[in-house]
Amino acid sequence: MSLSNIRIVLIQTSHPGNIGAAARAMKTMGLSDLCLVKPSRFPDDQAEAMASGADDILKSADVVETLEDAVADCKIIIGTSARSQRTLRWVISEPRECGVIASENSAKGKVAIVFGRERTGLTNEELALCHQLVHIPSNPEYSSLNVAAAVQILSYECRVAHLDGVNEAKQAGTLDEEIVNAKDMEGFYSQLEKLMIDTDFLDPDNPRYLMRRIRRLYGRIQITRSELNLLRGSLSAFAGRKFRRRDND
Ligand code: SAH
């Protein structure tokens with residue numbers, strides 16, 4: 001998964017301010033690959049003004065002649081439409097689904113999300129180059145968002161899906177590691193108990209269910225091998241310190 005593999009393609013944008021606003025929308029969500037197909041005016045002061053601090057995205061943007069050029073190296077091409085049902089030839093998905101598809105495929109290669117002209121959207125030829133279409137469920141009476149606002153929503157969905165993927169991978173990483181068994185935990189409990197007695201934290205004549213509570217605490221979580229090593233290693237270090245201090249007494 002890599003947000004840098006998600007390319008935002010803007011086709012024949014007529015208002016340069018929209019290009020700047022799209023760059024800003026992308027940067028806030030961690031996207032950086034912008035490709036402009038035949039923009040009316042670019043570079044342009046209005047684009048820079050609207051980009052705010054995202055002018056690096058404008059500077060590194062590619063400017064090309066056709067959509068084919070923009071997506072030549074992309075494995076998945078997702079088109080966007082202000083209309084919910086243009087024709088049944090295309091699969092229309094929702095932004096959330098689009099984010100997941102973009103995020104998952106970005107691990108294997110470039111993914112393009114293509115945005116149309118302010119007034120007329122994408123042509124049928126351009127739609128035909130897309131593998132699927134996404135529609136932001138908007139008011140059917142007034143369904144057309146400003147193009148940069150549409151970029152913001154889909155970039156956000158890519159980010160959410162990306163963060164979900166990162167979290168899942170992290171969890172899987174922990175679960176891949178061996179969880180220690182009861183015998184290993186017994187070794188830890190006796191080491192801890194001994195240290196607590198040695199430091200007078202635990203009075204063996206009046207233990208007050210202390211060890212039972214400790215067991216209940218650690219029993220609530222699954223401890224991995226490296227975590228147990230950390231716990232036992234730190235106990236040994238505390239014990240060593242205690243004995244050193246005693247030597248100095
Ligand atoms: N009249 C045009 C509207 C274009 S709006 C049309 O019917 O297509 C400019 C661009 O913003 C669109 O091409 C699309 O890329 C994006 N956009 C606007 N509203 C959208 C929506 N509800 N869902 C998905 N994309 C949208």
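This is a predicted model: local features need pLDDT of at least 70, side-chain atom pairs count only at pLDDT 80 or more; totals for chains, interfaces and linings use all residues.
Seven strands make up an open sheet with parallel pairing, and the order across it is β3-β2-β1-β6-β4-β7-β5. At the edges sit β3 (62–64) and β5 (92–93), each of which pairs on one side only. Strands of a sheet pair through backbone hydrogen bonds, either parallel or antiparallel. Strand β1 (residues 6–11) is joined to β2 by five bridges in the parallel sense, with Leu34 of β2 as the bridge partner of Ile8. β1 also pairs with β6 (residues 110–115), again parallel and over five bridges, and here Val9 has Val114 as its bridge partner. β4 then pairs in parallel with β7 over three bridges, and Thr80 stands opposite Val134 in β7.

How much of these strands is covered? In β2 (residues 33–37), five of the five residues are buried. In a regular strand the side chains alternate between the two faces of the sheet. For β2 both faces are covered, with Asp33, Cys35 and Val37 buried on one side and Leu34 and Leu36 buried on the other. Strand β4 (residues 74–80) is mostly covered too, with six of its seven residues buried.

The largest nonpolar core has 36 residues, and Ile8, Leu10, Leu34, Ile78, Ile113, Phe115 and Val151 have the most contacts inside it. Leaving out neighbours within four places in sequence, Phe115 is in contact with Ile8, Val9, Leu10 and Ile11, with Thr80 and Leu122, and with Val147, Ala150, Val151 and Leu154.

His131 lies in the loop between α6 (124–128) and β7 (132–134). Beyond residues up to four places away in sequence, His131 touches Lys75, Ile76 and Ile77. The C-alpha atoms of His131 and Ile77 are separated by 5.4 Å, although the two are 54 residues apart along the chain. Is His131 buried, exposed or partly exposed? Its relative accessible area is 45%, so His131 counts as partly exposed.

Most residues other than glycine have a negative phi, and most peptide bonds are trans. A few spots in the model go the other way. The peptide bond from Phe42 to Pro43 is cis, with omega near -5 degrees, and Pro43 is found in the loop between β2 and α2 (45–51). Gln12, in the loop between β1 and α1 (16–28), is not a glycine but has a positive phi of about 40 degrees. With a relative accessible area of 31%, Gln12 is partly exposed. Ser52, in the loop between α2 and α3 (55–59), likewise has a positive phi, near 55 degrees. Ser52 is partly exposed as well, at 40% relative accessibility.

Conventions. Residues are numbered from 1 along each chain as its sequence is written. Side-chain values use heavy atoms; hydrogens and water are left out. A nonpolar core is a set of buried Ala, Val, Leu, Ile, Met, Phe, Trp, Tyr and Cys residues joined through side-chain atoms within 4.5 Å. Buried means under 20% relative accessible area, exposed over 50%, partly exposed in between (1.4 Å probe, protein chains only). Contact means heavy atoms within 4.5 Å. Two strands pair if DSSP finds at least two bridges between them. Helices (H or I, at least four residues) and strands (E, at least two) are DSSP runs, numbered from the N terminus.
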